[in-house]
Amino acid sequence: MIQTLPITVTVNEKVYQREVEPRLLLSDFLRHDLGLTGTHVGCEHGVCGACTILFDGESARSCLMFAVQADGHSITTVEGLTKDKDNLHSLQQAFWEAHGLQCGYCTPGILMTLVPFLEQNPDPTEDEIRHALSGNLCRCTGYQHIVDAVKLAAEKMR
Amino acid sequence: MKPAPFEYYAPHSLDQALELIRGYADDAKILAGGQSLVPAMNFRVVQPSVLVDINRVPELSYIRGDGDVLRIGAMTRERQLEFDPLIAKRTPLLAEALPFIAHPQIRNRGTIGGSLVNADPAAELPVLMLALNARLKASKVSGERWIEARDFFVGMFTTALEPDEMLVEIELPAMPTRTGWSFMEVAPRAGDYAMMGVAALITLDEKGNCMKAKLVYLNAGDGPVDAQNAASLLQDERLGDALIESAAKLASESEINPFGNIHASVDYQRHLAKVLTQKGLKQAVQRAEGTLQ
């Protein structure tokens, strides 16, 4: 018999109760069980960064955690950055304005990496920005417009 | 992606965790930060039938000073170590090296104990434990023992732990006075596994001669490589450029044993080791000399 366990997880300030198989990855739980498909899955072994979420406020790879581990914890996904499509988070707005995305696949992971980064480094140098982005792969932009977007966001958020 | 099915336990105390791993021993894997284990499970390279998740054992996460040593709980996250003032003060080598470990997203979850038990020859923390003369505490239901870092890493991805034992604490002696340090590595991109890396420690006597030297390498063999011959070449000497070059040559040509990979040939790894050793030793000497004034 397949073991399932009850979990209670807060995602984007909403409380969810579900029964999950222990082997269910947190990334698949968010996408398939909760329908929050903003969290993308790329490599599924912690290299590409597309599935980055905030786990208790800190960035983490959701493909390297099991959903059962999130029991009692609080998660923010890209859907939680803003509740209003016409009123984007400053970082999202900056990505829009500076052309920080092309296909958009890596974007949610990059946003969720940069939100805590900018909180901890409100005035980053280009070097620091590139270093912060090193754990997220983008195959379209060549990163230059992402860097520009982060600089713009930092100005907006200061 | 789905790892192979497993039974899952999340004990709330160390005693419960040790009972579980005694019961399941070889069939069980301990889940710490999961930053190496979960990828391996996703690929089904590792298929434990039981997973003992120790993330809910609060007593395993701490950093505290205890006389001359630092005590670090095995489940302490790497990100926590990175910003800890006590670590920066007592073991600045460790503080300097932590940001080289993967990315912040990984360090937010990854733990010191998990990395040590994983014993990846390309990882930073095993090298640092050897360089800093750490002692590691292993516990099991029937008792505990202390293992010197140099005896802990017995081969590639292999440690001295028995199947029913768990690493619970790391004891780090403070770096001695008049000690300079350096940690350097070269990776294809920031956060990637390094092609080569070295931790260097130099302790000077009051006259500025080398009292003790330590050189430990990553990705240079089937575990952290302690280049003792190169270090003893430096012993009791004034560390000028020529001597430093000889030590770098000795370590890179005859003490390390790199395997080469898709990013770097063996020759290139040896070249990197030589250059990094020279740079690292110079930085360590400079820092040690800074403490003499």
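In this predicted model, 21 residues of domain 2 of chain B are in contact with 19 residues of domain 3 of chain B, and the C-alpha centres of these two domains lie 21 Å apart. A second contact joins the chains, taking 23 residues from chain A and 25 residues from chain B. The points below treat these two contacts, then an open sheet of chain A with the helix that packs on it, and finally Arg135(B).

**Domains of chain B**

- The domain assignment divides chain B into domain 1 (7-54), domain 2 (63-173) and domain 3 (180-290).
- On the side of domain 2 of chain B that touches domain 3 of chain B, the elements giving two or more residues are helix 5 (92-97), helix 8 (124-131) and strand 8 (153-155) of chain B, and the largest share, 6 residues, comes from helix 8 of chain B.
- Sorted by class, that side of domain 2 of chain B holds 16 nonpolar, 2 polar and 3 charged residues.

**Contact between the chains**

- From chain A, 23 residues take part, and from chain B, 25 residues; strand 4 (residues 58-61) of chain A gives the most to the chain A side, with 4 residues.
- The chain A side that touches chain B divides into 8 nonpolar, 11 polar and 4 charged residues.

**The sheet of chain A**

- In chain A, 5 strands form an open sheet with mixed pairing, in the order 2-1-5-3-4. Strand 2 (14-20) and strand 4 of chain A stand at the edges with a single partner strand each, so one side of each is left without a neighbour in the sheet.
- From one strand to the next, the twist averages 40°.
- Strand 3 (residues 52-55) and strand 4 of chain A pair in the antiparallel sense over 4 bridges, and within this part of the sheet Leu54(A) stands opposite Ser59(A) of strand 4 of chain A.
- The hairpin of strand 3 and strand 4 of chain A has 2 residues between the strands, and in this hairpin Asp56(A) takes a positive phi near 50°.

**Helix 3 of chain A**

- Helix 3 (residues 107-120) of chain A packs on the sheet, where it touches strand 3 and strand 4 of chain A, and its direction makes about 40° with that of strand 3 of chain A.
- With 14 residues, helix 3 of chain A reaches 20 Å from its first C-alpha to its last, which is close to the 20 Å expected at 1.5 Å a residue.
- The helix is mostly covered, since 11 of its 14 residues are buried; among them are Ile110(A), Leu111(A), Met112(A), Leu114(A), Val115(A), Phe117(A) and Leu118(A), and also Gly109(A) and Thr113(A).
- The buried residues of helix 3 of chain A pack against strand 3, strand 4, helix 2 (90-97), helix 4 (126-132) and helix 5 (144-157) of chain A, together with helix 6 (104-107) of chain B.

**Arg135(B)**

- Arg135(B) lies in strand 6 (residues 135-140) of chain B. Because 17 other C-beta atoms lie within 10 Å, Arg135(B) is partly exposed, the limits being 20 or more for a buried residue and 12 or fewer for an exposed one.
- Apart from neighbours within four places in sequence, Arg135(B) is in contact with Trp146(B), Ile147(B), Glu148(B), Ala149(B) and Glu171(B).
- Arg135(B) and Phe152(B) are 17 residues apart along the chain, and their C-alpha atoms are separated by 8.9 Å.

Methods:
Residues numbered from 1 in each chain as written. Chains lettered and ligands numbered in written order. Predicted model: local features only at pLDDT ≥ 70, side-chain atom pairs only at ≥ 80, totals over all residues. Domains from an automatic or database assignment. Contact = placed C-beta atoms within 7 Å. Nonpolar A, V, L, I, M, F, W, Y, C, P; charged D, E, K, R; others polar. Pairing = 2+ DSSP bridges. Axes fitted to C-alpha atoms, helices over the stretch in contact; angles between N-to-C directions. Expected span 1.5 Å × (residues − 1).
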